[in-house]
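Have a go at each task before reading its solution.

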Amino acid sequence: KGTHIETTLAVSHRWMQLDDPDPDGEQLKALKDFLNSPDGKKIERVWIDSACMPQDQPKGSCSEADKKDFKRMLAEVNRLYLGSTVLILLDLSYVSRFWTQFES
């Protein structure tokens with residue numbers, strides 16, 4: 001039987017640039033605003049792909065172990081969105097992206 005973990009937040013967002021998900025800090029600001037809101041006060045852990053999964057940035061910098069870990073995590077990432085609190089950082093391009101639709 002699955003359990004919903006209300007104290008863990010999974011952030012669904014789009015990468016603003018190929019090599020930088022949040023170059024202007026707008027998503028970080030939105031995340032901070034949520035965490036400081038009444039709904040965000042119960043959150044103890046935050047999961048966001050760019051910080052929690054090995055990223056190949058700069059290109060070619062990932063080790064073979066990182067690549068293997070990334071592939072394994074990618075296969076299981078849907079469990080995060082099904083079993084935790086989800087914050088969707090919505091913008092005009094969010095709905096046109098595959099991964100954001102998969103996450104939401």
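**Exercise 1.** Find where Asp-20 is placed, and decide how exposed Asp-20 is.

*Solution.* Start with the elements: Asp-20 sits in the loop between E1 and H1, where helices (H or I, at least four residues) and strands (E, at least two) are DSSP runs, numbered from the N terminus. Next, the surface: Asp-20 has a relative accessibility of 28%, so it counts as partly exposed. The cut-offs are under 20% relative accessible area for buried, over 50% for exposed and partly exposed in between (1.4 Å probe, protein chains only).

Before you go on, two ground rules. This is a predicted model, in which local features need pLDDT of at least 70 and side-chain atom pairs count only at pLDDT 80 or more, while totals for chains, interfaces and linings use all residues. Residues are numbered from 1 along each chain as its sequence is written, and side-chain values use heavy atoms, with hydrogens and water left out.

**Exercise 2.** Work out the order of helices and strands along the sequence.

*Solution.* Count first: the protein has 4 helices and 3 strands. Then read along the sequence, and you get β-α-β-α-α-β-α. For the overall burial, 31% of the 104 residues count as buried.

**Exercise 3.** List the residues of the largest nonpolar core.

*Solution.* The largest one has 8 residues: Leu-9, Val-11, Leu-31, Phe-34, Ile-43, Ile-48, Leu-87 and Leu-89. Strand E1 (5–12) and helix H1 (26–35) are the elements that give two or more residues to this core. Apart from it lies another core, of 5 residues, including Ala-10, Trp-47, Met-53 and Tyr-81.

Now zoom in on Val-11. Leaving out residues up to four places away in sequence, Val-11 touches Leu-31, Val-46, Trp-47, Ile-48, Tyr-81, Leu-87 and Leu-89; contact here means heavy atoms within 4.5 Å.

**Exercise 4.** Is Thr-8 buried or exposed, and what does Thr-8 touch?

*Solution.* Thr-8 is in strand E1. Its relative accessibility is 11%, so Thr-8 counts as buried. With residues up to four places away in sequence left out, Thr-8 touches Ile-43, Arg-45, Ser-84 and Thr-85.

**Exercise 5.** Check the exposure of Leu-82.

*Solution.* Leu-82 belongs to helix H3. Leu-82 is exposed because its relative accessible area is 67%. The C-alpha atoms of Leu-82 and Ala-10 are 72 residues apart along the chain and separated by 9.6 Å.

**Exercise 6.** How many disulfides turn up in a search of the whole structure?

*Solution.* Look for a pair of cysteine sulfur atoms within 2.5 Å. The search finds 0 disulfides.

**Exercise 7.** Which residues does the cis peptide bond join?

*Solution.* Remember that most peptide bonds are trans. Here a cis peptide bond joins Gln-57 and Pro-58, with omega about -5 degrees. Pro-58 lies in the loop between helix H2 (49–52) and helix H3 (64–83).

Terms used:
Core = buried A, V, L, I, M, F, W, Y, C linked by side-chain atoms within 4.5 Å.
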